[in-house]
Amino acid sequence: MDAPSHIDDLAAFVTASPSSYHAAAEAARRLGEAGYVPLDETADWRGAVRPGARLVVVREGSVIAFALPPDAGATTPFRVVGAHTDSPGFKLKPRPTLSAFGWLSAGVEVYGGPIISSWFDRELEFAGRLVALDGTTHLIRTGPYARIPHLAIHLDRDLNTSFAPDRQRDVQPVFGVGGPGDGDLVGHLAKLAGIDPEQVGGYDMVTVDAAAPARFGADESLFASARLDNLSSVHAGLAGLLAAEPAGSIAVLAAFDHEEVGSESRSGAAGPFLADVLERVSAALGGDRGDLARAVAGSWCLSSDAGHAIHPYRDDRHDPANHPVPGGGPLLKINANQRYTTDGAGAALWARTCAVAGVPYQEFVSNNAVPCGSTIGPITATRLGIPTLDVGTPLLSMHSAREMCHVEDPGRLAAAARVFLSNA
């Protein structure tokens, strides 16, 4: 797929994936269209998991898909591309309808580490899942619905020099006008789900920028969108898996929820989801614990999460020798303190992978004086013992409501993911 086509498809994927639940569902939908068979976690997998099978399982806002080569057996190793489906933002609180001075607003809680100022004065939608009292789940989205308003500069002359929004007072999105008892937000969500408001048992709803993804710039070489951290990796892994031809290893895409808040959930990378799936696959192929250990020992995980391109005006915040540039290819992320898991063996594997894929890549390492972020890579390596390396698409404005990248880089990451998953 050429770069413009890949970016168009990434834009369509982001548009269909305003929440982690939508992202998992959209990935499963695309995989289903490609012949992947859905698995129920409560079912017996032994008849479905067999050489040559293409299978997918969704757990809440996470999805794992895997393709078995024709000669797969109990000790066949795994090639895993790991990513995450969630992004920083705001999550809807219980009893969310608030009123003050004729305005209606939504009670929200900060989710993860967003650049809070970037969420002001843009149209937002709420998206996620609503769960009815009968246990049924409904994926819903409101479309453009709310907006966090700035205080006018006439009312705060220091706005441009000392803006520090209060995380409770200043970030509740306005969605209408009225007084107490008006504008039932939960009732609106129930209407979108097609159920009686009295039947709403709970919900998990987040905010997302409602503007469509767009190419821009003098030569349209730049791409802006919500949730590039980390749907750029989920989409690259998905595209890589759909194009892969696994040989000698089982190709796996594992996209987890809750990375932005530490991954500690049953559907997060620190939970048991991937371990459960790999163990059940090995067992369905006739293996025991020893066979699984042998398979894991020969496996690799490519932890893919967005990284930082060098900022044009703040090179002082970057390492002085390693300057990832837009259009320079995906990042190989390195950290001496294991915030990223890449070691010498992983770096060599990535160099070989990119050479076969015919794509350039560039190293990223933090400035020693700037704290380094982390990914699901260290978690996966620690929990499962699979050798892991960290990569990703270089972005500007990471954790903003709207991030940006070069149009060439996401497709190059997908090309490398295809080669990695093919064990080429």
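Rings of Phe, Tyr and Trp (its six-membered ring) pair if their centres lie within 6.5 Å, and planes under 30 degrees apart count as stacked, over 60 as edge-to-face and the rest as tilted. With that in hand, look for Phe 126, Tyr 145 and Phe 175, which form one aromatic cluster. Before going on, a word on the model: it is predicted, so local features need pLDDT of at least 70 and side-chain atom pairs count only at pLDDT 80 or more, while totals for chains, interfaces and linings use all residues. Residues are numbered from 1 along each chain as its sequence is written, and side-chain values use heavy atoms, with hydrogens and water left out.

Back to the rings. Searching the whole structure turns up seven aromatic pairs. One of them joins Phe 120 and Phe 163, edge-to-face, at 5.3 Å centre to centre and 85° between the planes. This pair ties together distant parts of the chain: Phe 120 sits in the loop between strand 6 (103-111) and strand 7 (124-132), and Phe 163 in the loop between strand 8 (137-141) and strand 9 (174-177), 43 residues apart. Helices (H or I, at least four residues) and strands (E, at least two) are DSSP runs here, numbered from the N terminus. As for accessibility, buried means under 20% relative accessible area, exposed over 50%, and partly exposed in between (1.4 Å probe, protein chains only). Phe 120 counts as buried because its relative accessibility is 8%, whereas Phe 163, at 31%, counts as partly exposed.

Now the cluster again. Phe 126 and Tyr 145 have ring centres 6.5 Å apart and planes at 70°, so they too make an edge-to-face pair. Here again distant parts of the chain are linked, with Phe 126 in strand 7 and Tyr 145 in the loop between strand 8 and strand 9, 19 residues apart. Phe 126 is buried, at a relative accessible area of 1%, and Tyr 145 is partly exposed, at 21%.

Next, the helices. Helix 7 (residues 344-357) packs against helix 9 (residues 408-422) at an angle of about 105°, the axes being 8 Å apart. Axes are lines fitted to C-alpha atoms, for helices over the stretch in contact, and angles run from 0 to 180 degrees between N-to-C directions. The two helices, helix 7 and helix 9, are therefore roughly perpendicular (under 35 degrees is roughly parallel, over 145 roughly antiparallel, 65 to 115 roughly perpendicular and the rest oblique). Where they meet (contact means heavy atoms within 4.5 Å), helix 7 brings residues including Leu 349 and Trp 350, and helix 9 brings residues including Val 419 and Phe 420.

Most residues other than glycine have a negative phi, and most peptide bonds are trans. Yet the bond from Asp 229 to Asn 230 is cis, with omega near 15°, and Asn 230 lies in helix 4 (residues 228-243). Ser 263, not a glycine, has a positive phi of about 70°; this serine, Ser 263, is buried, at 2% relative accessible area. Gln 338 also has a positive phi, near 65°, but Gln 338 is partly exposed, at 44%.
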